[in-house]
Number of protein chains: 2
Amino acid sequence: MITRDYQLTLKDVANEKPEYLETIFSLANGHFGVRANDPISGNPITGTLINGFYEVAPIVYGEGAVGYAKQSQTILNLPDLRHLTIMTVSGHPFTTSQRTAAKLDLQTGMLTEQYQVTSQQGETIQLTVKSVMGQNQRNYWGVSYTLMADNYHGPLVISKSIAVPAEAESIASADPRKTRMAGIPDCQTDFPSPDIQRYQIKTRHSGQAVTMYLGMTEPQGGTLLKYRVDLSDDQPHTLSYQAYVGNVSANNTIDPIIPTMDHAFKTLEVDSQSFWEKIWAQSEVTVDGHPELDLAIHYNLFQLNQSAGRDGRTAIPAKGLSGSGYEGHYFWDTEMYMLPYFTATNPQMARELLLYRYQILPQAKQRARQLGVEHGALFAWRTINGEEASAFFPAGTAQYHIDADIAYAVGKYYETTGDLDFIEQCGFEIILETAKFWADFGTWHQVGDQTRFEFLTVTGPDEYTALVNNNYYTNRMAKHNFELVGYLARKLAERDPNRLAAYGVKPADLEHYQQLADHVYLPYSNDQQINAQDDSFLSKPRWPSDRMTPDHLPLLLHYHPLTIYRYQIAKQADTLLADYLFPADLAMDQLKREYRYYEGVTTHDSSLSRSIFSILAARMGEPEKAYRYFMDTARMDLVDLQKNTADGLHLANLGGSWLALIAGFSGFYLKDGVPFISNHLPKELNQLTYRMRVGESLVEVALSAQTTKVQLLDGPMLQLNVNGQLQTLDHDTAVAVTND
Amino acid sequence: MITRDYQLTLKDVANEKPEYLETIFSLANGHFGVRANDPISGNPITGTLINGFYEVAPIVYGEGAVGYAKQSQTILNLPDLRHLTIMTVSGHPFTTSQRTAAKLDLQTGMLTEQYQVTSQQGETIQLTVKSVMGQNQRNYWGVSYTLMADNYHGPLVISKSIAVPAEAESIASADPRKTRMAGIPDCQTDFPSPDIQRYQIKTRHSGQAVTMYLGMTEPQGGTLLKYRVDLSDDQPHTLSYQAYVGNVSANNTIDPIIPTMDHAFKTLEVDSQSFWEKIWAQSEVTVDGHPELDLAIHYNLFQLNQSAGRDGRTAIPAKGLSGSGYEGHYFWDTEMYMLPYFTATNPQMARELLLYRYQILPQAKQRARQLGVEHGALFAWRTINGEEASAFFPAGTAQYHIDADIAYAVGKYYETTGDLDFIEQCGFEIILETAKFWADFGTWHQVGDQTRFEFLTVTGPDEYTALVNNNYYTNRMAKHNFELVGYLARKLAERDPNRLAAYGVKPADLEHYQQLADHVYLPYSNDQQINAQDDSFLSKPRWPSDRMTPDHLPLLLHYHPLTIYRYQIAKQADTLLADYLFPADLAMDQLKREYRYYEGVTTHDSSLSRSIFSILAARMGEPEKAYRYFMDTARMDLVDLQKNTADGLHLANLGGSWLALIAGFSGFYLKDGVPFISNHLPKELNQLTYRMRVGESLVEVALSAQTTKVQLLDGPMLQLNVNGQLQTLDHDTAVAVTND
């Protein structure tokens, strides 16, 4: 009997840092997020974040230059919706509170917290806060407050409103992972009816607007600003409210339609539960025999789903909607670390995320021109609105690989879903424009009898090595980008032989891209017999071992970039990331050499690192190592491994933990559309079960030490390769392969 | 008969841009400078600059990191001393004026200008402004205004005061060559006596203070704020004033001593004239048969002398004291482009400039630690107070070569002057600390059987190529820095065998530095048979020729740094700069190959470039080319070649024009203390005559197409090599060598 753990409770919440808990217990629905602020004492970091709602400001440079990103884009910290004011009838407020318990139900999306609330006179009451997001009705959030007497018995006046935040100063931080403080938007509030507050927010410079509404739902007819509760009777008294967070509009226009504000709390609870039922039905992952881990992976997938934009105009901020770290920007890790989960389990969501990239293609074309490249598109390294917002190009714009990362994700989406409509409408244009960029950006270089197509002065995923020539990962991904043009062009031509001409693509162009792909230079070290991270990485000195102790890590917070750059030290998987993506590229003995080598020069200061090291260790038949790396990724935020969970969750790492299970322990990858599965389950886990879609089919895979079972739950029969054996899967029989 | 041109007059000053003229006709004395602002209409850019008087402000980064320069240092634009208020007795002011003539006498330092001044009623008078710096009495500046009737005849009220400038906003510019606006300091003014204004300036953050005084000197007993002149008589009426600009004090303390304020204008004129007589006597350069060029070189040396700090606590700002471009910072070009002139002609001034570096050695040691280097010192790339003020490290702190540049200058100073006292007191410590830095910063690298000592992730002089490995110039200079330790250690030990121990230097250390020097890697291209600018420069693609047209230059104002960095394109002489400094390093055929090669990939977007190309062309026996490059350097500011002379003069280029004459046309260099001279005079010049010191001797060299004459003017006899022949020079006979 498999037990699944979906109930997140943390020990000793009373002694945890509030900011950490606010992140961990944050709720979201892809459109907006609500941090779990203390409803009584609040928090200077206000609690609501709307995906894609940002303010701009001129970026001030110590020393500027042509083509630098001109404006910052910063997600706005919007007013806390959870705040409640409790007063005695004589006007004494209850001002302090202590969270005594918290539980997040990952099957229903319900967050339940207990607080002891105290007045300045030392009077105490018990407060239970239940809150839940509308998941299908994505503009809504509901909260219910249940009050009970503790040492205070008597009448209370409850009021609730959205408060205008104080002005905040813009700050500069030496930690690039933090957000900057954006300017405060213009806020106006009124009360269209006694129980509904309207709160209009217009940014001053980015031209966006949004309206929030707050209403009381139960008891019916309650007044928002004054409601009297009598705690004399030792009975629980419950008041419910809902908030409506409007869609982001451009041109500072306020949506004139007042939304329905009579959803009972129960309505939102049902909405949320039905959403999560569907999510788990299509993407359930269960780790049997390890409840802590089982819970962690459920938590990670829960937060991934909460954070992902679902409207084709937003993506997944680096910190999700759980915090404003990294300014709410979208980076390459959406495509490389998070999208694989959605592509494999929820193609509709994956499609919406890729649609976002298609929407910002015009800005990407513009950006390529700003970088002196006459053709194609260069996606911004970090952005919300599509324009580059990175203010440090050596670890920003120079990470050109984002172009090929997005192209890769489009390719995988097609390979997994077979959705040629999307390719025809959006995907092919993305791949074509990025390929055009690489073609124009790269340069031919003749070395002896070798004709190389090279990419110079780039930064790969490893941000501890900047502005180098021929970063292996970048080059390998660009090569793949070129190949994708031909691959998808053939698919499009099969459907409609005239289709390619509409993109302006001629047969000679396809030959040209193939020729470029064939000549992309992939640096290799004959000495080490491994792929070289770039032209110079392997010949740099090793980072001094006495500077690798915990008080020196992460290096970026202790050393000047120049100091870090001149050593052979990597922040994260770089060449190994390419090895993971392209397993057919190298034989096992080379993979093992590369792994040993790069493991020795990697700090894992990035949260994107350990999951890849876990996957490759699993593939290499080193399950203990794979397990160790995985355990650090699986619970990174739950244990605050990087000490900055307060700024928000590490979304890419959440995705990475899923990758480690599926691509690592289960050895999953697609090859020409055929799923390959290899059982690399570490001994610490009794059984790993997961679901995913392949084409139209929903499959469940169950790995144990003895067998690898695959079952078709829905959709047409399909072929797959399990532990090296090609199997046909139909509805009648599960496939069970005994492990070696 | 040789004619010398010392009278700078520009044609058609009425139609020149005022900002350009204000720079060109600026006066200074190493301590402070006065831009030639229109005395009536003034200029928003106020006109007084004090060397080393700066304000600090936090540097705001788009994205900060550990170890970045924290504070800007910005020279302050202080109130204009030249302003004069002219009114009719009924209170109508004369508000507009037109400069009709200007003449700067480079033999006396006297600036004489003519203005036509007009009231709002259209009444005009003629104004002659004569101004002069105290050069020995360096706190003083004097001005005399001579008024004459034009169409206005009658009484006038003249008043003069130092005005408090308006508040200015801090600005960010995309042009890194401009200054930033510093915060306005606290200013207080009072009148200790009716004819003296005191003006106290305290910076708000840098803790500096200075006091300026303004007083009327003639007519005696005049009132500063109100003096009545009657122009009814068509006679000239002259009023003279003087300003005293105090020394910069730390800790915001104001010097309580009121200076003598009764220097007649004539006194300062005499002071200035005696100073310039001495300067020309020891450093005269005459180009016969080319008055325009003769004047230009006089002008350049005049401005060099005006700009150089003479107090051991200041150096030469990149724009001198003629403008606030580059924020009044001192860079490497002081040592590499300007100091050679002083070392060769005015050792006392050279010593003061090197003393400045010794003063900031503690900050340089601190900076090395911030860069993760445990020993030695790293001088700031740009600074006033010794702390790093560069806000873009790829073209700032990464230009580590400044350490070796300063060491080189110390070595040359010793080699030229034999001043072992300075070496013992200051110089050796500079060379030792910079050598320690290189030793710790560099890394060993075994390539086949070659053991290399390398310097990684550095930027050389060429700022169009950043963060590369083994920049040839940097490595060659570091090698020289190591060698200097041994060379000067031997000199010190000869004087006192125990002296080295006092520096903590053991014999084994000297061996170690020699070993490092022997193994410093100097990149060489076997393909091209030239020294390679760095490990990757030669294998990058050439900059597209269609982007080299004038509308694309300078590249830094048209292209993102990433675009520039990935091409094989240089802003200025880089490897060739090393070739110029170390002529014995390579044979003529290699020099020619290198020259051809690098000339093809250099834009000369830096004002430091053409002089070096001129020198090497001369050495290579290509006088026409040498002449062409020289002519662009010689008159760069006078013709506003770079279109930004308004921001201030290009001081390094002024020094470079002297280098081009002396090291180029005259082929001068020192080898083991022996001067070498080779006649490379281009046919456009009849004769080049110059003076310089070698040790205690003052020598005059005269080059013509026929002969090279050398004459000992003062000091002991010496040996020198003229056109390949070793000659002994004594007082009785000039040496005249017929050219080949």
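**Core, domain contacts and salt bridges in a predicted model**

The largest nonpolar core comprises 440 residues, and A:F428 and B:F428 have the most contacts inside it. A nonpolar core is here a set of buried Ala, Val, Leu, Ile, Met, Phe, Trp, Tyr and Cys residues joined through side-chain atoms within 4.5 Å. Buried denotes under 20% relative accessible area, exposed over 50%, and partly exposed in between (1.4 Å probe, protein chains only). In soluble globular proteins, nonpolar side chains tend to be buried together. Neighbours within four places in sequence aside, A:F428 is in contact (heavy atoms within 4.5 Å) with A:I423, A:V485, A:L488, A:A489, A:L492, A:L500, A:Y503 and A:V505.

The model is predicted: local features need pLDDT of at least 70, side-chain atom pairs count only at pLDDT 80 or more, and totals for chains, interfaces and linings use all residues. Residues are numbered from 1 along each chain as its sequence is written, chains are lettered from A and ligands numbered from 1 in the order in which they are written, and side-chain values use heavy atoms, with hydrogens and water left out.

Chain A is assigned domain 1 (7–264) and domain 2 (327–626); the bounds come from an automatic or database domain assignment. The C-alpha centres of these domains of chain A lie 39 Å apart. At their interface, 18 residues of domain 1 of chain A are in contact with 18 residues of domain 2 of chain A. The two domains of chain A bury about 1500 Å² between them, 49% of it on carbon and sulfur atoms. Buried area is the accessible area (1.4 Å probe) that two parts lose on being put together, summed over both. On the domain 1 side, strand 6 (residues 71–75) of chain A gives the most, with five residues. Helices (H or I, at least four residues) and strands (E, at least two) are DSSP runs, numbered from the N terminus.

Polar contacts between domain 1 and domain 2 of chain A number 10 residue pairs (both at pLDDT 80 or more). A polar contact is a pair of N or O atoms within 3.5 Å; within protein, one must be able to donate a hydrogen and the other to accept it, and residues adjacent in sequence count only if both atoms are side-chain atoms. Zero salt bridges are found across this interface of domain 1 and domain 2 of chain A.

Helix 15 (residues 610–619) of chain A is largely enclosed by the rest of the structure, because 10 of its 10 residues are buried. Its cover includes helix 4 (333–345), helix 13 (575–581), helix 14 (588–599), helix 16 (623–634) and helix 17 (651–665) of chain A. Just after helix 15 of chain A, A:G621 takes a positive phi of about 75°.

Over all chains, 56 salt bridges are found. Each joins a side-chain nitrogen of Lys or Arg to a carboxyl oxygen of Asp or Glu within 4 Å. A:E684 pairs with A:K683, with closest N and O atoms 3.3 Å apart. A:E684 is partly exposed at 29% relative accessibility, whereas A:K683 is exposed at 66%.

In chain B, B:E292 forms a salt bridge with B:R635 at 3.5 Å between the closest N and O atoms. This pair links distant parts of the chain, 343 residues apart: B:E292 lies in helix 3 (residues 291–307) of chain B, and B:R635 in the loop between helix 16 (623–634) and helix 17 (651–665) of chain B. B:E292 is partly exposed at 41%; B:R635 is buried at 18%.

B:E463 and B:K571 meet in a salt bridge of 3.0 Å, N to O. These residues are 108 residues apart in chain B. B:K571 is buried, at 10% relative accessibility.
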